[in-house]
Amino acid sequence: MSDPGAVLADLRDESEELDALVAGLPAGRWATPTPAEGWTLAHQIAHLAWTDRQALLAATDPDRFTRVAVQEALASPLTFVDDGAAAGAKAPPAELLADWRTGREALWRALGAWPAGEKLPWYGPPMSVASMATARLMETWAHGQDIADALGVTRIPTDRLRHIARIGVRTRNFAFAVHELAPPADEFRVELRAPGGRSVWAYGPEDAAQRVTGDALEFCLLVTQRAHRADLPSVRAHGADAERWLGIAQAFAGPPGKGRGPRAEGGDR
């Protein structure tokens with residue numbers, strides 16, 4: 001299990017890096033479309049702010065979260081996330097940015113004060129502080145990638161990707177399940193080159209019959225569906241089930257994502 005303190009520190013750093021990417025933009029640029037269909041830069045930040053608020057509610061008033069937020073989600077399960085982003089995107093950019101900053105800082109403090117060993121309620125199974133912080137980091141990084149791509153910015157990968165890679169590995173069976181496929185019975189070995197090539201992040205038994213290898217950044221782009229597999233040549237499968245997994249990998253909750261098309265066919269990147 002990840003160390004909550006380390007994940008929270010990395011979550012703060014990831015958020016501040018994204019903040020620096022959008023803070024200096026003129027108001028008109030917030031309407032720039034991103035690779036997510038129908039979502040502008042404002043929608044991306046509004047989504048992060050909305051989700052932070054929901055997580056903050058879960059951490060500060062678990063009963064209300066369960067009684068109100070979860071019931072609202074159940075009433076419109078296919079649209080409640082998009083609705084939250086759309087509502088927030090209507091605010092003036094300066095107001096939206098301030099709201100995101102205030103909410104994420106409050107969440108960071110609330111998670112840091114959460115009793116050790118206890119779990120927070122969520123839309124799915126309850127989550128530990130480390131799991132919640134890791135999920136927030138993954139979303140911040142993934143939606144930050146949408147923003148970076150829309151702005152034509154290339155981000156430098158960091159060791160914070162280890163949290164996203166771990167989620168990508170741990171959600172293997174979930175990816176099969178949401179595609180109504182039986183998960184493989186045996187674990188895979190996953191070996192990823194860390195940013196800078198200084199080390200290898202390894203998951204699963206060394207003697208596993210099937211494995212996945214590649215660059216950590218490309219693996220994270222794959223499992224968050226921020227790039228098509230055809231554009232991630234380093235990520236390779238060894239074994240039929242591992243090959244099938246790379247075609248459906250999904251680190252985020254919800255129904256199967258559409259992902260992005262290959263760049264060679266005009267897909268967004």
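Predicted model: local features only at pLDDT ≥ 70, side-chain atom pairs only at ≥ 80, totals over all residues.
**Helix H3.** At 1.5 Å a residue, its 14 residues should span 20 Å, and I found the end C-alpha atoms 19 Å apart, which agrees. I then listed the buried residues of H3, and these are Phe65, Ala69, Val70 and Ala73. Looking up what they pack against, I noted helix H2 (41–60) and helix H4 (80–89) as the partners.

**Thr140.** My next entry concerns Thr140, which I located in helix H6, residues 129–151. Is Thr140 buried or exposed? Its relative accessible area is 4%, and because buried means under 20%, I recorded Thr140 as buried. Setting aside neighbours within four places in sequence, I found Thr140 in contact with Leu11, Glu14, Ser15, Leu18 and Leu48.

**Strands E1, E2 and E3.** I turned last to strand E1 (residues 189–193) and looked up its pairings one at a time. With strand E3 (residues 211–215), E1 runs parallel and is joined by 5 bridges, and within that pairing I noted Asp215 of E3 as the bridge partner of Arg193. With strand E2 (residues 200–203), E1 runs antiparallel and is joined by 4 bridges, where I noted Trp201 of E2 as the bridge partner of Leu192.

Note on methods:
Residues numbered from 1 in each chain as written. Heavy atoms only, no water. Helix = DSSP H or I, 4+ residues; strand = E, 2+ residues; numbered from the N terminus. Expected span 1.5 Å × (residues − 1). Buried < 20%, exposed > 50% of the residue type's maximum accessible area, 1.4 Å probe, protein only. Contact = heavy atoms within 4.5 Å. Pairing = 2+ DSSP bridges.
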